[in-house]
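Here's a quick briefing on a ligand site and the pocket around it. Have a look at the model first.

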Amino acid sequence: MKEKTLLIIKPDAVERNLIGKIIMMCEENGFVIKNIQMKKLEKEEAESFYAIHKEKEFFNKLVDYVTSGPIVAVLLERENAIEILRDLIGNTDPKKAKPGTIRFLFGLDITRNSVHASDSKESFEYEVKHFFE
Ligand code: CMP
């Protein structure tokens, strides 16, 4: 059955003109773009989006980074979308990501790791509301 998921292209990737390459990798892997939006997040929006991490020591650094420039939110669809997109983006830490994954290819470090993808149906339902109806 077709499933939707959310990809965020983060400020480090937008800044380095990687939007096209990242979207191309998604399309080449069978994802269909259902909606897309470029947006500069306000601090409150970023804190809400990443609320699950609010007790983590890296939370403030993460919020500062993700509000440092525009991001691109992409609503994607395919069979088994959530799991397949997580595999395609790779490990949170680009140094640990498998060759060929988006974070391996483009990530700079564990904070500036180029992309975010929903990790479950529940997080997708929560996260998508920040960008799309
Ligand atoms: P993301 O998949 O968007 O989910 C949470 C984000 O927090 C993560 O990608 C990184 O950008 C950031 N992050 C996760 N772990 C760390 C860490 N140990 N130090 C700094 N930033 C982190």
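An oxygen atom of the ligand has a backbone N or O atom of isoleucine 110 at 3.4 Å, which counts as a polar contact (a pair of N or O atoms within 3.5 Å). This is a predicted model, where local features need pLDDT of at least 70, side-chain atom pairs need 80 or more, and totals for chains, interfaces and linings use all residues. Numbering runs from 1 along each chain as its sequence is written, and side-chain values use heavy atoms, with hydrogens and water left out.

**Ligand contacts**
- Lysine 10 puts a polar side-chain atom 2.8 Å from an oxygen atom of the ligand.
- On its own the ligand exposes 450 Å², and the protein buries 85% of that (Shrake-Rupley areas, 1.4 Å probe).

**The shell**
- Residues around the ligand (a heavy atom within 4 Å) include Tyr50, His53, Phe58, Thr92 and Arg103.
- Sorted by class, that shell has four nonpolar, five polar and two charged residues; Tyr and Cys count as nonpolar, and Gly as polar.

**The pocket**
- The ligand sits in the largest pocket, meaning more than half of its atoms lie within 2 Å of the pocket's grid points.
- A pocket here is an open set of points on a 1 Å grid over the protein atoms alone, where a 1.4 Å probe fits, with protein on both sides within 12 Å along at least five of seven lines.
- That pocket holds about 520 Å³ of space, counted as the space filled by probe spheres set on the points.

Conventions
Polar contact = N/O pair within 3.5 Å; in protein donor to acceptor, adjacent residues only side chain to side chain. 1 Å grid on protein atoms, 1.4 Å probe; cavity = no way out; pocket = protein on both sides within 12 Å on 5 of 7 lines; lining within 4 Å.
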